[in-house]
Amino acid sequence: MTTAPILRIEDVYKSFGETRVLNGFSLTIQPQEVVVLVGPSGSGKSTLLRCINLLHPPTSGRIWLEEQEITAPGVNQDKVRQRIGMVFQEFNLFTHLTALGNVMIGLTKVRKMHKQEAHDLAMFELERVGLVERAHHYPAQLSGGQKQRVAIARALGMDPHIMLFDEPTSALDPELTGEVLEVMQQLAKEGMTMIVVSHEMGFARQVASRVVFMEGGIVVEEGPPAQMFEQPVHERTRAFLRKITDLDEGGQ
Amino acid sequence: MEFFQDLVTTLNFILQGLWVTIGVTIVALVVGLVFGVVTAMLRVYGNAFFQRIATVYSVIVRAVPVIVIIFILYFVIARFVNLSPFWAGSLALGFASGAYQTEIFRGAFQSVPSGQMVAARAIGMSRWQAIQSIIFPQAVRLALPGWGNEATLVLKDSTLVFVVGVPEILRRAQQVSARTLEPFVAYAAALLLYLALTLLTTQLLQWLERRYRLQM
Amino acid sequence: MQQFLELLNNAFPFLVAGALETLRIATGALLLGIAIGLPTGVGRVYGPLWLQRILGAYVTLFQGTPLLIQLFFVYYGLPSLGITFPQLIAALLTLGLNSGAYQAEYLRGALQSVGAGQMTAARAIGMSQGQAIRSIILPQALRLVLPAWSNEVIAMLKNTAVVFVIAIPDLMGQAKILASKYFAPLSIYTIVAICYIVLVGVTYLLLRQLERRTQIPGLTNEAE
């Protein structure tokens with residue numbers, strides 16, 4: 001290990017009432033890594049992402065972002081979230097704002113930029129996801145794929161140091177997933193650190209530096225995609241990956 | 001201690017107005033129900049002529065403050081028959097409520113699926129039979145939440161007949177305050193009494209709604 | 001008919017004055033109602049539990065009792081405690097507090113119908129809860145609340161008609177004076193009813209325009 005990790009998750013537990021979702025989850029991520037997180041539904045993937053950006057603070061355990069312990073008491077959570085971009089399965093675009101407005105609002109309200117500056121940066125981010133010509137459309141006037149690309153641009157505008165993707169293509173019609181995955185692949189190429197919860201195995205094979213299989217709120221097995229897909233150690237991993245790869249191929 | 005004695009005396013006096021308030025409310029609601037259901041049927045199922053009349057009634061009456069309607073009808077009624085303020089006021093309030101109830105029942109009639117009418121006609125019912133025995137029973141249940149809301153509004157509006165001299169809660173409060181010279185106690189008691197009445201009514205209506213909810 | 005027209009002619013200046021007074025009171029009370037209803041609605045959804053309880057009690061009290069008695073309480077009842085208002089202030093205060101309770105409830109409904117994802121997304125880009133409410137949730141809720149708010153404006157115009165009981169010369173107050181002056185209550189109240197129909201009708205059309213102007217695609221009450 002030569003570089004300092006960008007994110008360190010140590011022994012994180014998370015319960016909602018009686019239900020325990022994360023059971024001592026630990027993971028360390030280096031800068032520019034792309035980690036694809038897989039696992040059966042209910043295994044705690046989404047919860048983990050929401051713990052990382054403190055939308056659901058962990059019940060116990062500690063998380064460091066770039067050497068700062070963000071789970072320590074007194075940490076300004078809003079400031080932490082600015083450094084962590086998040087993309088949701090359901091897009092969650094702000095309904096009352098245009099595509100441009102969605103990207104701009106964080107710039108003006110949170111980063112306190114001037115309007116013109118925010119406008120220019122927002123247009124740049126929309127350009128990055130290929131949606132400049134849709135800048136003045138409202139979310140209801142965009143396709144699912146376009147909405148998700150705007151959501152990515154919105155997150156990028158905050159200049160995040162790491163991006164979390166929570167099943168970014170699951171709510172999309174199959175023919176619309178490509179455009180979103182392309183944008184994500186481009187981001188990875190530019191060196192963005194990313195944690196992606198996804199069952200897009202093609203994307204995992206091509207883009208991921210690591211695949212992490214989790215179940216029951218802990219890491220079962222992790223490794224480079226080739227190893228995980230070809231020679232997984234655990235029977236559970238093998239069974240799960242076989243099932244979703246079959247579905248994947250069956251779907252095509 | 002004196003305050004509480006005042007309060008008890010005052011409440012005792014105003015309580016007699018409670019029955020008048022309840023009476024006015026019930027009469028107005030029943031009158032409004034008749035006007036509302038008939039007008040709504042005319043608006044939904046009537047010919048063009050009746051539809052127009054029904055619409056004019058509903059739109060005009062809802063654009064005028066209830067208190068103005070009460071004054072107008074009070075003087076209209078007084079010109080033709082010799083009715084007590086209680087009956088004149090209640091009828092006027094009912095006529096006003098009818099316009100609001102029209103809208104409630106119109107919405108309910110229109111939200112009974114059109115397939116119900118088709119199915120009723122298909123088994124050989126006449127149009128009137130279908131309305132009577134298939135559409136109406138469903139519409140009444142659909143109208144219940146809106147009607148419950150209107151009932152509490154009429155309960156509160158019933159205090160407006162105060163202006164034509166009906167001895168309901170507010171009139172009684174005014175009388176007792178003139179006697180005890182404690183207007184604060186009198187009007188506070190009137191407010192509390194009303195609050196209890198509306199809360200109770202709301203509970204009752206919710207119970208009714210749960211009981212007769214339609215599984216659709 | 002001749003008589004009626006003459007009456008109309010004599011009454012006209014008073015009716016205009018009355019209509020202006022009605023509009024003045026309705027506008028003032030609506031603004032007060034917004035000033036009260038907005039923070040109350042937000043507080044009832046996002047405030048701490050104790051605040052929600054207090055605001056809930058305020059709403060129940062004003063929605064559970066008749067406006068007319070509220071007016072009597074404020075104008076005739078409170079002076080025994082040494083709190084005295086001039087007529088106009090008593091009317092504005094009562095109507096404003098009453099409207100504030102209704103407006104708060106409409107806003108509460110609208111706030112609750114804005115999807116939870118909107119708040120999550122706003123927090124995820126680093127907004128504080130206050131910022132998220134101000135720049136994401138409220139702008140949407142205020143558009144959603146517009147139809148209910150329009151109804152409240154119309155209701156307010158009609159509600160002002162009770163203030164004549166504390167001798168305010170609004171439309172209804174003028175009617176009362178004219179009716180006894182000319183011994184023609186039926187004609188006078190009919191004319192006044194027509195005045196209200198005009199006021200309400202014009203207001204209704206203006207509000208429809210406003211609703212159309214502020215519409216945003218995809219942000220309606222019907223759509224999920």
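The legends below accompany several close-up views of this predicted model. Residues are numbered from 1 along each chain as its sequence is written, while chains are lettered from A and ligands numbered from 1 in the order in which they are written. Because the model is predicted, local features need pLDDT of at least 70 and side-chain atom pairs count only at pLDDT 80 or more, whereas totals for chains, interfaces and linings use all residues.

**View 1. The open sheet of chain A.** Here 4 strands of chain A line up in the order β2-β1-β4-β5, with antiparallel pairing. (Strands are DSSP runs of E with at least two residues, helices are runs of H or I with at least four, and both are numbered from the N terminus; two strands pair if DSSP finds at least two bridges between them.) Look to the edges for β2 (19-29) and β5 (68-69) of chain A: each has a single partner strand, so one side of each is left without a neighbour in the sheet. Helix α1 (residues 45-52) of chain A packs on the sheet and touches β1, β2 and β4 of chain A. The direction of α1 makes about 65° with that of β2(A). (Axes are lines fitted to C-alpha atoms, for helices over the stretch in contact, and angles run from 0 to 180 degrees between N-to-C directions.)

**View 2. Strand β1 of chain A and its partners.** On one pairing, β1(A) and β2(A) run antiparallel over 8 bridges, and Ile9(A) stands opposite Leu27(A) in β2(A). These two strands form a hairpin with 2 residues between them, and Gly17(A) in the turn has a positive phi of about 60°. Strand β1 (residues 7-16) also pairs with β4 (residues 60-65) of chain A, again in the antiparallel sense, over 5 bridges. There, Arg8(A) has Trp64(A) in β4(A) as its bridge partner.

**View 3. The largest nonpolar core.** This core has 105 residues, and those with the most contacts inside it are Val36(A), Leu37(A), Leu126(A), Ala155(A) and Ala141(C). Helix α6 (residues 129-159) of chain C gives the largest share, 9 residues. (A nonpolar core is a set of buried Ala, Val, Leu, Ile, Met, Phe, Trp, Tyr and Cys residues joined through C-beta atoms within 7 Å; a residue is buried with 20 or more other C-beta atoms within 10 Å of its own, exposed with 12 or fewer, and partly exposed in between, with C-beta atoms placed from the backbone.) Not counting residues up to four places away in sequence, Ala155(A) touches Gly85(A), Met86(A), Val87(A), Pro160(A), Met163(A) and Ile125(C). (Contact means C-beta atoms, placed from the backbone, within 7 Å.)

**View 4. Where chain C meets chain B.** The contact takes 27 residues from chain C and 26 residues from chain B. On the chain C side, α3 (67-77) and α8 (185-213) each supply at least two residues, and α8(C) gives the largest share, 10 residues. That side divides into 20 nonpolar, 6 polar and 1 charged. (Ala, Val, Leu, Ile, Met, Phe, Trp, Tyr, Cys and Pro count as nonpolar, Asp, Glu, Lys and Arg as charged, and the others, Gly among them, as polar.)

**View 5. Arg111(A) in its loop.** Arg111(A) is found in the loop between α3 and α4 (115-128) of chain A. It counts as partly exposed because it has 16 C-beta neighbours inside 10 Å. Leaving aside neighbours within four places in sequence, Arg111(A) is in contact with Gly106(A) and Met158(A). Arg111(A) and Asp159(A) are 48 residues apart in sequence and 9.8 Å apart in space, C-alpha to C-alpha.

Methods. Two residues are in contact if their C-beta atoms, placed from the backbone, lie within 7 Å.
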